[in-house]
Amino acid sequence: MTEIILMSDPRVAAIELRECGEPLVDARTDGPALLVDDRRAAADPRFAHLRTGVLERLLDAASRLPDGVRLALVEGYRPPELQRRYFGTYRERLRAEGRYGSEAELHEATSRYVAPPSVAPHTSGAAADLTLIGVDGQELDLGTAVNATPEESDGACYTAALSITPRARENRRLLGDVLRAAGMVNYPTEWWHWSYGDHYWALATGAPHALYGPREP
Ligand SMILES: C[C@@H](N)C(=O)N[C@H](C)C(=O)O
Ligand SMILES: [Zn+2]
């Protein structure tokens, strides 16, 4: 099994950032429409914003899907303040459950599900949480709900989890094939989380630096 590098790994933070200045665009209105699922709309009105290079890659990935299957964006841009809140809330939930001993262990465990704010790809418009939609307009079976935690899914949210059905594994394989072909990188603890141009992407691909840094709303 290949090593899973967590977002809290010092190698992620050590990646140099050279902000390229590409704008954030709204996937609902800019360029050819990408299917957008609005379940995260209440969390922040800019949830469908992405860097142009990320939107282009998602449209490329969507074009590679077989007829009748569509790619849907669940969440793109997330303001830094919201990321800090998500990280702190989830860390305190784990702390209250008493699962982890030291602060370092708690920080690492938190980063399985929420990125530390200093390297968080959603805050730069580099990450997209995605799912697949079938001909009937319903989500395909991908093994867990989008945003299922490692604790509540007993690890089934990990992209390579073997505890899910063969059909769900096949759907994850399809999602991964089209996104990787378009140049996106997965966070292996979350089958739905893909990115391009961020610290994690640069480490995973060997790119010399990250392209996109955090954006304030
Ligand atoms: C909170 C979860 N949906 C998520 O976005 N996790 C990734 C790792 C992140 O915070 O970037
Ligand atoms: Zn994500």
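Analyst: The UniProt annotation "active site", from an unreviewed entry, covers Glu190; UniProt positions follow the numbering used here, feature names are shortened, and annotations may be inferred rather than shown by experiment. This is a predicted model, in which local features need pLDDT of at least 70 and side-chain atom pairs count only at pLDDT 80 or more, while totals for chains, interfaces and linings use all residues. Residues are numbered from 1 along each chain as its sequence is written, and chains are lettered from A and ligands numbered from 1 in the order in which they are written.

User: Where is the place of glutamate 190?

Analyst: Helices (H or I, at least four residues) and strands (E, at least two) are DSSP runs, numbered from the N terminus. Glutamate 190 is in the loop between β6 (185–186) and β7 (193–195).

User: Why does glutamate 190 count as buried?

Analyst: A residue is buried if 20 or more other C-beta atoms, placed from the backbone, lie within 10 Å of its own, exposed if 12 or fewer, and partly exposed in between. Glutamate 190 counts as buried because it has 22 C-beta neighbours inside 10 Å.

User: How is strand β5 covered, and which strands pair with β5?

Analyst: In β5 (residues 127–133), 6 of the 7 residues are buried. Two strands pair if DSSP finds at least two bridges between them. Strand β4 (residues 70–75) runs antiparallel to β5, joined by 5 bridges, with arginine 70 opposite isoleucine 133. β5 also pairs with β7 in the antiparallel sense, over 3 bridges; there, alanine 127 has serine 195 as bridge partner.
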